[in-house]
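Reader: I'd like to learn how to read the aromatic rings in a structure. Can you walk me through it?

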Amino acid sequence: MGGTDKLKNLQQDGDSSGTLENWLAMGQHLEGELSTASSSETALAGNSAVEDQRDAAATEVAEDVRVRQAAECEVAQPSSVLDSDLGFFIDATKSIEEIAQVVCQMSDDQKYNLLKNHVRPSKNFIFPTTFIGGCNRAFRYDWFEEHGWWLVYSMKLDGAFCICCPLFLNATERKQSTSLINAPFSKWHKKTKIIGSHQSKANHLVAFERAKLFLQSHENPNTRISVRMDSAKEANIKENRHILKCVAEAVLYCGRQCIALRGSAEQQHCSGNPGNFLALLKLLSNHNEKLKQHLEKPKLKNATYLSPQSQNEMIDVIGKHMIQAKIVEEVRHAQMYTVLADEVTSHNVELMPMCVRFVDKDLNIREELLEICTLPRITGHHIASAIKDVLSHLSIEIADCRGQGYDGASNMSSENVGVQALIKKDAPKAVYMHCNGHCLNLVIARSCALPVVRNMIDKIKYSVTFFTSSPKRELLLKEVVDKEAYSTGKRKPLIDLSRTRWAARHDAYSHFYSAFVFIIKALEVMAHGLHTEEYSEDVTSGWEGKYKAEAYGLLSGLQNFGFILTFLTVYQVLSHLTGITVKLQSTSLDIIEAFSMVDEVKSVYKELRENIIDDFNQIYE
């Protein structure tokens, strides 16, 4: 049986996917059999034909072993082994730029796998030979130990590579050398010249250091430059957010307390008033080290977040993107709402606060300020257009409007060109309601237009002005109140009458009523020189000429029976309106409750009218 037949029989008897060691064993077995057969045939025949047959069989066996080795490397290897051979990534038929592009497309995991797990034949592996320089030459296993981990062998290409240079040199750097980088090295007779000199080249040293850094960063991600940069960036973001949080809290505090943010000197270290905002931040920095460092030595002078522009931007963000956005979301959830608006002049500019009234998800009736609009004119057309623009900008459906609350001015209430008529064109179900508080105010104002009531109000106003316009007169009244109030327990100072909110005048009348006796006594000191021994000389002397005459005239007017009767009557009548004035302006009031309260007050006044004699007798007393 010939060597080839023996080899075929062993292939059929053994595992078709046997290992390389099995094939080596089969080769050795065949060589032994061939040697025995050759010796027998030589002894029997003694001719040279048998020797030729033996040499041919041995060559055939060696060739079959090499074929099997190549087959195992190229076909039978699992995918993990294929990824661990650089020869599967670098194709010598490609240009240097194409090879560089292939390497750039490799993932970090693939590069790490090649560096740490590149395929390496066992010590018993028979490397393929190549006839060079008059003899067969091949790669030697001891070269791995001689040159270190950077030298690898590609079983697919039967060549050596530097594992560092192909993976970590760019297209320009890899052009300076081809062997070991862009193509496998297989000229084994030039090993000393090529491989020996390669490890001392500058590009190899650069690639070697890059490979070491890559392995270090991959195995310990915290050492990566990108990770360190990200950590520093994250710490910087965290610190900036902390500073912004302090700034926002200062702005919110000033807003809740209704105090101005800015001062006369917008500097931290100055003799002037820096304003409430900067002063509050300075106070907070005493208990906040990061904020203190930011105020004293900011990292970026153009990003301190303390300028008036930053303050306004912060207010705008908090107001529109947080508070207003939340209100709008709740209005959309409620779906149906009422529009409340009124125009007012401030600093010679026409403004219109616009509010919405709705029922939230907790069934609470709420009124919220939605926007403050600037009006070019206060006609019905301009006001209605401003309301529509605000609703459209905030994506609130105007068709869902179910009510309108304005004052009774013609530009608001007109059935043709008023705001309520123009809004009804887009929201037919939006019922117009004249403000209840405003209606009550108009009723009281109409009642107070009577001459006797008007004269009484003028005297009260003059009394308040008479004492508050002079420090000496006010000091006299204060001494009288301080001394006499201990026995009465009443120490209410004088306050001016409201010019627009007539129902709110009851507070002023209450103060005047409590201080009436003290006012009379102070005027007697100035007009007639009475009670001088009860008070200090600084306030009892020097009342001559014009001041004495004014005090005498005011005293006569306040002691007049008509004034006292009118004042007590108005005071008693207005006392029943104090509660309803506050309740009609409540945000949680509904229309049924409002009519109930109005009916209750009407019944009180009806009872007063029916018992007018008894009520006046009580006033006389």
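Reader: Which residues form one aromatic cluster here?

Author: Keep in mind that this is a predicted model. The cluster is made up of F125, F127, F139, Y141, W143, F144, Y153, F185 and W188.

Reader: Where else does a charged end sit over a ring?

Author: Look at K483: its charged end is over the ring of Y535, 5.4 Å from the ring centre.

Reader: How many aromatic pairs does the structure hold?

Author: There are 23. To read a pair, check the angle between the ring planes: under 30 degrees counts as stacked, over 60 as edge-to-face. Take Y509 and F567: their planes stand at 85 degrees, with centres 6.1 Å apart, so this pair is edge-to-face. Y509 belongs to helix 22 (residues 505–528) and F567 to helix 25 (residues 561–575), so the pair ties together parts that lie 58 residues apart in sequence.

Reader: Are Y509 and F567 buried or exposed?

Author: Both are buried. Now try Y513 and Y571, an aromatic pair with 10 degrees between the planes and 4.8 Å from centre to centre, which is stacked. This pair also links distant parts of the chain, with Y513 in helix 22 and Y571 in helix 25, 58 residues apart.

Reader: What is the relative accessible area of Y513, and what does Y571 count as?

Author: Y513 comes out at 39%, so that residue is partly exposed. Y571 has 19% relative accessibility and counts as buried, because the cut-off for buried is under 20%.

Methods:
Residues numbered from 1 in each chain as written. Predicted model: local features only at pLDDT ≥ 70, side-chain atom pairs only at ≥ 80, totals over all residues. Heavy atoms only, no water. Phe/Tyr/Trp six-rings, centres within 6.5 Å; stacked < 30°, edge-to-face > 60°. Helix = DSSP H or I, 4+ residues; strand = E, 2+ residues; numbered from the N terminus. Buried < 20%, exposed > 50% of the residue type's maximum accessible area, 1.4 Å probe, protein only. Lys NZ or Arg CZ within 6 Å of the ring centre and 35° of its normal.
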